[in-house]
Amino acid sequence: MTTTVEITWDAASARRAERQFLAGPAGAGTPVAEVAGAMLGAHAQVLSAAELSLGMRAEGVTRADVRAALWDDRSLIKTYGPRGTVHLLPARELPLFSAALTAVPRGPSPLPPGVRLTEEQADRVVAAIGDALDGRFLTLDELSEEVVARTGPWAGDRVMPAFQDLWPRWRQVMHRAGWAGTLCFGPNRGRKATYTRPLPGNPETDPGDAPAAFVHRYLHAYGPATPRHFARWLAAPPGWATALFGELAAAGRIEEVRFEGAPAWVAAGDTDFPEGPPRGVRLLPYFDAYVIAGQPRERLFPGAARRRALGGGQAGNYPVLLVDGVVAGVWHQRRRGRRTTVTVEPLVRLTARQERQLGEQVERVGEVLEATPELVVGEVTAGPHA
């Protein structure tokens, strides 16, 4: 008779911290792309948040190192990742991300029929984007002109509501071009973003096996987890995720465990976990991967943290203070020239050791952002996304 492995929250969070370079930073010389890969991407809607996510996990890394990886050696790529949000991904893993993300079933468009693209139109736009960007760096306006010229005036109709404005119709599938590997961000031209076509990569995974490989990577970084956890992280249909987990379980590629008394899954054979919770204090920026993917949320955001840092059930709206692997406060940084004021609002009483660690974390924030930091312990008055 096979005995099901029992895993506690403390053991799971300790292993996640180890594999996310939060128990201890990656050593000097570790490629930034390797750190991004361990996280399954760094959320980069705000680039400084991605720089902090990576820099706080890697010894000696600053925002300049992240930007060099993006724009100079191009080992990192800025594109649309999980949930259709902008991420920094390892360039060598783009084929895996593209194959896995394009395999996720798409639900019906939330846009009204007179606004949405047909599937045929969407495919034409994605192809046009790739053609327009091949070997070029274009601003959004330049890209829009190229897409309309390659498809038709319907693509440029300003019918898509967005931020008190109307965007051209083609932009509703911009994220799908990122998933398809036909679009990524280029360096800014002045204040304007540019886009280009990613350099072709060599797929290390059979595209047909990409969803399974993606589940394996997710469970390695964030397991134990359920199909619903995976679906939420990926913004995928729960039924599809459940079926995928079932197929992998039947093939012996994932293994059922008991996580806090309930069924969950890990990659087959990946059942070694540390004892006890992760120790120490960490500062994580907006939409850090550890809090976005970490489940169950009620354990990661206990007590007052759920009310203070988990607005509407959505993680990532506030930068968070982690104490021993769980959210125990929020923080905010305000930069003025070469100085930045880091205000931290703990929700628990910190020990003297934890206060010293908090000071070290604030110093590290300054190093990553190439600024001189000042720590203020007190109420964070800035709202979400401030």
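How do the residues of the lining of the second largest pocket divide into nonpolar, polar and charged? The model is predicted, so local features need pLDDT of at least 70 and side-chain atom pairs count only at pLDDT 80 or more, while totals for chains, interfaces and linings use all residues. Residues are numbered from 1 along each chain as its sequence is written, and side-chain values use heavy atoms, without hydrogens and water.The second largest pocket holds about 260 Å³ of space. A pocket is an open set of points on a 1 Å grid over the protein atoms alone, where a 1.4 Å probe fits, with protein on both sides within 12 Å along at least five of seven lines; lining residues have an atom within 4 Å of a point. A volume is the space filled by probe spheres set on the points. The lining divides into 13 nonpolar, 4 polar and 3 charged residues. Nonpolar covers Ala, Val, Leu, Ile, Met, Phe, Trp, Tyr, Cys and Pro; charged covers Asp, Glu, Lys and Arg; the others, Gly among them, are polar. Strand β8 gives the largest share, 4 residues.

The largest pocket has a volume of about 1200 Å³. Its lining has 38 residues, and Gly-84, Met-160, Gln-172, Val-173 and His-175 are the closest to its centre. Helix α8 gives the largest share, 4 residues. Helices (H or I, at least four residues) and strands (E, at least two) are DSSP runs, numbered from the N terminus.

Helix α6 also gives two or more residues to this lining. Contact, meaning heavy atoms within 4.5 Å, joins α6 to α7, with Arg-124 and Val-125 among the α6 residues. By class, this contact has 7 nonpolar, 1 polar and 4 charged residues.
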